[in-house]
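Here's a quick tour to read with the model open beside you. Keep the viewer handy and follow along.

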Amino acid sequence: MNFRSTVLSVALFATPVAAAQAQEPPYFVTYSHIMEEPGNLEIASQNVGAAPKNANPFYAQTLEVEYGVTAWYTAEVYLQGQSTLHDSTVFTGFRFENRFRPLRSEHRINPVLYVEYEDHNQADKSFLEITDHAVITDQQVANALLRASVERAVEGKLILSSNFNGFNLSENIIAEKNLTNEPWEFGYAVGAGRSLASAASAKDCRFCREYFAVGGELFGGLGTRYDFGFKGTSIYAGPTLAYNSPRNYTVTVGPEFGLNANSAAVLWRLKVAYEFSQVRDLFRRTR
Amino acid sequence: MRRLAAVAMLGVSVCLLLGAADGSWLRRVPDADRARLNPLPDKAAAAEAGAHVYAAECARCHGDQAQGRGNRPPLKSDRVAHATDGELAWLLKNGNSWKGMPSWSSMPDARRWQVVAYLRSMNPPVAPRRDPSQGEQK
């Protein structure tokens, strides 16, 4: 293992935190209209592991740094890497993400506009979304070959999200355009979740039901502009469980099961997040 | 480069201006929401639970003692005392995103009403203003 691999491995395995907002629904892939609170900085580590048939087992980690610029604008940076058994550990790329909430009041369906620039190579195994005809057999190729192919793309998402009776239901429609001359690629994600308790407890507890949320999500690819549809794409679905600690950290776990032959049997996911409150106050003058 | 810096400064200024709380949200509350009463039967227990929710979710911006912080307003205030329970619940649900207050719509209804009960315990109610647009604007 060379020096770069060692450094990346340490960064991947030792990075302790990844955050989800205290009120954020328990999703890995799906976005809701809940934005990062203004002034808060969230650092999150999203981990995914799988042992696909006919391909080497892999582990991928995404480090997320999210900041609430205003109550209607959240910015985020992702750094990604992966390690494949019997192969190598590689840094796979980065993403800059922006989410805008155009309507200032709560509606039955709340839209959020998402714009992202991504620069990653084909060795990316983060499964943050699925577009095009991405299938699990793509992972059979060695990292050395995959990382040579770099993709720079702009991705847009239309996020539609609703809250009712403590439930959240979110739908994401994804459109991605490689900046080289390639067609538009599409994907989708749907999630639903709920806190285990409607009311808060008057007791000073750390593991009350109100701190737990359960949910589920479904996501997959929709092909390209010229070949749109579910055919030849992968689909995953699974339950999620989140613990929103009153001490600002969140742990979300869940398996996601492949629903067709183009998918891995199971993606095991773990997300750990920590939220630093009101970071902007550090840069304010005392009044 | 200078033009870019000017645009960035303008953006930051707009964001800061938008962050100033001025109570104008009161004008947007529908009458039906304004008239709503806290449905939780035991207000003292609700306020006690609401204090925990406040400490976890609200104190980071509005202060541990609801004294306000920076341009985020105090919640022990004349404005909160004059607001109806329904107005406070509406604000928690909808937020006032252009002024910096996030929506807490993902929080279940009961939990939001607990926060309202806690705010009310800190601000005993006074007669609500008939026309919020003519009220005191801090």
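What follows is a short report on confidence, the interface, the helices of chain B and a few individual residues.

## Ground rules and confidence

This is a predicted model, so to speak, with local features taken only at pLDDT of at least 70, side-chain atom pairs counted only at pLDDT 80 or more, and totals for chains, interfaces and linings using all residues. Residues are numbered from 1 along each chain as its sequence is written, while chains are lettered from A and ligands numbered from 1 in the order in which they are written.

The model scores ipTM 0.81 and pTM 0.85. For chain B, the mean pLDDT (the predictor's confidence in each residue, from 0 to 100) is 82, and 75% of the residues reach 70 or more. Where pLDDT is low, the predicted coordinates should not be read in detail.

## Where the chains meet

Across the interface, 31 residues of chain A are in contact with 29 residues of chain B.

## Chain B, helix by helix

Chain B has six helices and zero strands, which gives the pattern α-α-α-α-α-α along the sequence. Helices (H or I, at least four residues) and strands (E, at least two) are DSSP runs, numbered from the N terminus. Of the 138 residues in chain B, 42% are buried. Buried means 20 or more other C-beta atoms within 10 Å of the residue's own, exposed means 12 or fewer, and partly exposed is in between, with C-beta atoms placed from the backbone. Among contacts in chain B between residues at least 6 apart in sequence, 75% join residues at least 24 apart.

How do α3(B) and α6(B) cross, and at what angle? The axes of α3 (residues 43–62) and α6 (residues 109–122) of chain B come within 7 Å and cross at roughly 100°. That makes α3(B) roughly perpendicular to α6(B), a label for angles of 65 to 115 degrees; under 35 is roughly parallel, over 145 roughly antiparallel and the rest oblique. The axes are lines fitted to C-alpha atoms, for helices over the stretch in contact, with angles from 0 to 180 degrees between N-to-C directions. Residues making the contact include B:A46, B:G50 and B:Y54 of α3(B) and B:W113, B:A117 and B:S121 of α6(B). The residues of this contact divide into 10 nonpolar, three polar and two charged.

α6(B) is largely enclosed by the rest of the structure, because 10 of its 14 residues are buried. Among them are B:R111, B:R112, B:W113 and B:R120. Their cover includes α3, α4 (78–82) and α5 (85–94) of chain B. α5(B) is mostly covered too, with nine of its 10 residues buried, including B:D85, B:E87, B:W90 and B:N94. Those buried residues pack against α2 (31–34) and α6 of chain B. Just after α5(B), B:G95 takes a positive phi of about 70°.

## Residues worth a click

Most residues other than glycine have a negative phi, and most peptide bonds are trans. A:F127 has a phi near 55°, a positive value in a residue other than glycine. A:F127 lies in the loop between β5 (110–121) and α2 (143–146) of chain A and counts as buried, with 21 C-beta neighbours inside 10 Å. B:A66 is not a glycine either, yet has a positive phi of about 60°. B:A66 is in the loop between α3 and α4 of chain B, and is buried, with 20 other C-beta atoms within 10 Å.

Is A:V150 buried or partly exposed? A:V150, in strand β6 (residues 150–164) of chain A, counts as partly exposed, with 13 C-beta neighbours inside 10 Å. A:V150 and A:H120 are 30 residues apart in sequence and 5.7 Å apart in space, C-alpha to C-alpha.

Methods: Contact = placed C-beta atoms within 7 Å. Nonpolar A, V, L, I, M, F, W, Y, C, P; charged D, E, K, R; others polar.
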